[in-house]
Amino acid sequence: APDIPVIDQAYSKLSNSITVEWRAVPGATNYMLTAEDGDSFIKTIVKNSPGTVTGLKPATLYRITVRSINSGGKSQPSPFRKVKTVLAAPILSVHSPSCDSIAVSWKAVHMAAGFSVSLMRSDGLGRMLKKNTTNTSLIFTNLDPGTLYTIKAYAWNANGIPGDDFTYNQRTSPNAPVDVKVAFNSGALRAVVSWMPTEGALTYSVTVFSGLLKLRCNTSSASCVVPSLQCGSEYYVSVIAYNDAGSSEPTDAISFKTVPCAPVNISIEEDEPGHLLVSWSSISLGHYYVVFVKSDDGLEVHCNTSYTQCHFQSYCGFTYFISVFAYNKAGQSPLGDVFNYTTAPCCPSDFRAVFMASDTVQVTWAPVRGADLYETRAAGGSGVVLCRDTATACTLSALQCSTPYTITVYSFSEARGSNTSCAPQYVATAPCSPEIKNISKEGLSVISVQWQPNNEEATYVVTARGEAGLWHCTSTRNSCTLMDLPCGSAFSVSAIARSPAGQSLPSYSIPLETAPCCPNDLILAQVTQSVTNISWSVGRGAQTYVTTLESPKGQAKCHTLQTYCLLGCITCGTNYTVSLRAISETGLTSSCTYQGYSSSACCPSGVKLYRLSNNGIRVFWRASDETISYNADLRGSKGNFSCTPSSGLSHCDITKIPCGDVYSVVVAPVTDKGPKLTFCPKKTYS
């Protein structure tokens with residue numbers, strides 16, 4: 001057997017283990033570590049030093065020995081070392097009594113002289129808080145609401161040696177939500193309550209109450225739909241935020257009013273032949289009423305009144321369907337009872353309903369005795385679709401998409417009676433087409449398309465189709481953005497809805513036109529002293545153009561279909577700013593700016609000619625500006641002559657002119673560049 005090992009050191013870092021270090025023994029292949037406390041005996045086989053004995057009890061004194069092992073056997077135990085395991089970790093119980101505090105408690109730990117508890121944000125922000133105590137509970141205050149904190153605690157013994165630590169994550173309860181808003185949907189009698197998200201909140205509870213009635217809505221988002229509101233009521237709304245630590249304080253209640261209830265106690269009578277009197281009871285929160293009377297031939301009339309009765313003209317042999325709605329600022333009351341008045345059977349048997357298209361169902365039944373007329377009614381969504389016929393079949397079209405319908409067939413007789421106890425059949429239609437509500441320009445080539453999201457869990461695809469190509473955008477919400485649309489192009493924009501049930505029909509197409517393109521080139525040329533010609537390249541998508549020359553002395557403007565324009569009333573010797581607006585056929589405008597333009601110097605006035613000799617002439621004029629230099633040109637059949645005076649003079653002499661000829665004389669300003677001005681007035685000299 002190998003030699004006896006010698007323990008260098010033994011120590012405990014965890015409450016359930018002791019680590020031993022010893023000198024290696026030549027020839028030993030394994031070592032056996034033994035821990036003894038008088039009640040138990042634990043041994044562990046290891047390959048080499050150091051080795052650890054596990055499965056021990058906290059705060060317990062153990063005798064530690066080591067034996068070396070090889071194929072020849074085991075050595076005798078080494079001299080023992082006494083080592084005590086460290087204290088067990090305190091088991092924490094943590095909760096957040098308020099949005100800015102965390103309370104920590106634990107059971108007493110055997111042999112513990114005190115406890116150390118530290119707390120810091122789990123995201124590492126802020127500083128760490130640490131408290132030492134001999135008690136078994138404490139509270140951390142002035143914390144951030146809705147924030148996850150990490151708590152670490154350990155006990156120490158009378159010698160100050162720390163034991164195992166225990167880590168726990170706890171979130172503080174959230175603050176109350178702010179900026180609570182209510183949007184009431186009059187058609188669905190529901191309210192959408194929204195608010196600003198609260199830090200650390202996982203869920204929210206919305207309470208809507210009126211008197212003893214309370215409605216609640218729980219959500220994890222920053223809005224909640226509260227359905228099934230009662231008409232003709234005033235409600236108060238408050239919101240509470242929740243997380244795994246608890247709840248916030250409720251927000252201050254805000255109020256809103258719903259639409260009035262449908263009028264009740266509706267009575268219909270013919271006060272005299274040919275006249276129907278419809279009356280009803282006054283409704284709370286109802287400001288005015290509208291009565292709709294529809295005959296079985298499809299003709300509908302209505303009456304708008306603030307009283308509680310209306311008169312209608314009636315005809316014999318008709319069936320009238322009458323409904324009364326109340327209105328206030330919140331909107332229209334729900335659809336109440338629809339009454340019929342008619343001058344009056346078994347339920348149809350073998351009733352079948354088969355879909356012929358996504359919005360059309362064909363209903364057939366077997367004829368029944370005593371029925372002169374049949375009425376097929378499909379109720380679902382926000383209205384009722386009716387079909388009346390003497391035949392035993394009916395097709396209901398234009399049904400509301402993505403809606404369950406209850407279809408019932410009623411039989412009528414001439415004796416002013418009907419059987420309304422027939423059993424219904426239930427069918428459901430396919431998804432709805434979206435309705436594009438608005439198309440707006442977000443940027444130079446960016447278009448935002450908004451629609452009414454009228455399906456549950458649908459994906460919407462918007463397509464802009466034009467000669468320039470196809471552009472698409474996709475969204476599960478109520479809007480998306482078409483990017484990089486070219487200028488001066490026309491598109492047809494439509495949308496479809498896709499859901500697990502299938503694809504809707506496309507929406508109605510909305511025409512879209514992008515603003516016309518600005519012309520790339522623009523050229524200005526002065527034609528006369530007060531007229532300038534402007535020409536430009538074609539701007540794609542533009543039908544007309546508005547060109548403007550503007551200076552402190554005035555403005556010249558031209559609106560034309562052409563790519564050129566003559567602008568009059570130009571002031572000579574003036575600097576102008578040049579702008580152009582390209583306008584499409586529908587009135588879309590692009591504003592374009594170009595380099596400034598300076599008109600030519602003014603022509604002189606009062607030009608006079610004087611003979612100097614048989615072959616000489618002196619030309620006089622009045623200068624418009626003393627700083628301008630002028631040039632006099634003399635042109636005839638026998639030759640052309642010119643003169644330019646010194647700066648500041650307003651005359652010059654031309655000599656050696658051939659006699660016996662007729663000459664034209666033009667005095668014009670001298671230009672720094674470009675051709676001579678040819679539009680100044682001429683004088684004739686013989």
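Is Asp123 buried, exposed or partly exposed? Asp123 is partly exposed, at a relative accessible area of 46%. Buried means under 20% relative accessible area, exposed over 50%, and partly exposed in between, with a 1.4 Å probe and protein chains only.

The model is predicted: local features need pLDDT of at least 70, side-chain atom pairs count only at pLDDT 80 or more, and totals for chains, interfaces and linings use all residues. Residues are numbered from 1 along each chain as its sequence is written, and side-chain values use heavy atoms, with hydrogens and water left out.

**View 1. Arg121 and Asp123 meet in a salt bridge.** The N to O distance is 2.7 Å. A salt bridge here is a side-chain nitrogen of Lys or Arg within 4 Å of a carboxyl oxygen of Asp or Glu. Side chains of opposite charge can pair when their charged atoms come close. Arg121 counts as buried, at 18% relative accessibility. Asp123, by contrast, is partly exposed.

**View 2. Asp165 forms a salt bridge with Lys152.** Their closest N and O atoms are 3.7 Å apart. Asp165 lies in strand S15 (residues 162-171) and Lys152 in strand S14 (residues 148-156), so the pair ties together parts that are 13 residues apart in sequence. Helices (H or I, at least four residues) and strands (E, at least two) are DSSP runs, numbered from the N terminus. Asp165 is partly exposed, with a relative accessible area of 40%. Lys152 is partly exposed at 39%. Elsewhere, salt bridges that share partners join Arg121, Asp123 and Asp144 into one network.

**View 3. Asp8 forms a salt bridge with Arg23.** The closest N and O atoms are 3.2 Å apart. Asp8 sits in strand S1 (residues 7-11), and Arg23 in the loop between strand S2 (17-22) and strand S3 (30-36), so the pair ties together parts 15 residues apart in sequence. Asp8 is partly exposed, at 38% relative accessible area. Arg23 is exposed, at 53%. The structure holds 10 salt bridges.

**View 4. Three strands form an open sheet in the order S9-S10-S13.** The pairing is antiparallel. Strands S9 (92-98) and S13 (137-140) are the edge strands, and each pairs on one side only. Neighbouring strands of this sheet are turned by 20° against each other on average, direction ignored. Axes are lines fitted to C-alpha atoms, for helices over the stretch in contact, and angles run from 0 to 180 degrees between N-to-C directions. Four bridges join strand S10 (residues 101-106) to S13. Two strands pair if DSSP finds at least two bridges between them. Ala103 has Ile139 of S13 as its bridge partner.

**View 5. Glu442 is found in the loop between strands S40 (435-441) and S41 (447-452).** Glu442 counts as exposed, at 53% relative accessibility. A polar contact of 3.3 Å joins the side chains of Glu442 and Ser440. Such a contact is a pair of N or O atoms within 3.5 Å; within protein, one must be able to donate a hydrogen and the other to accept it, and residues adjacent in sequence count only if both atoms are side-chain atoms.
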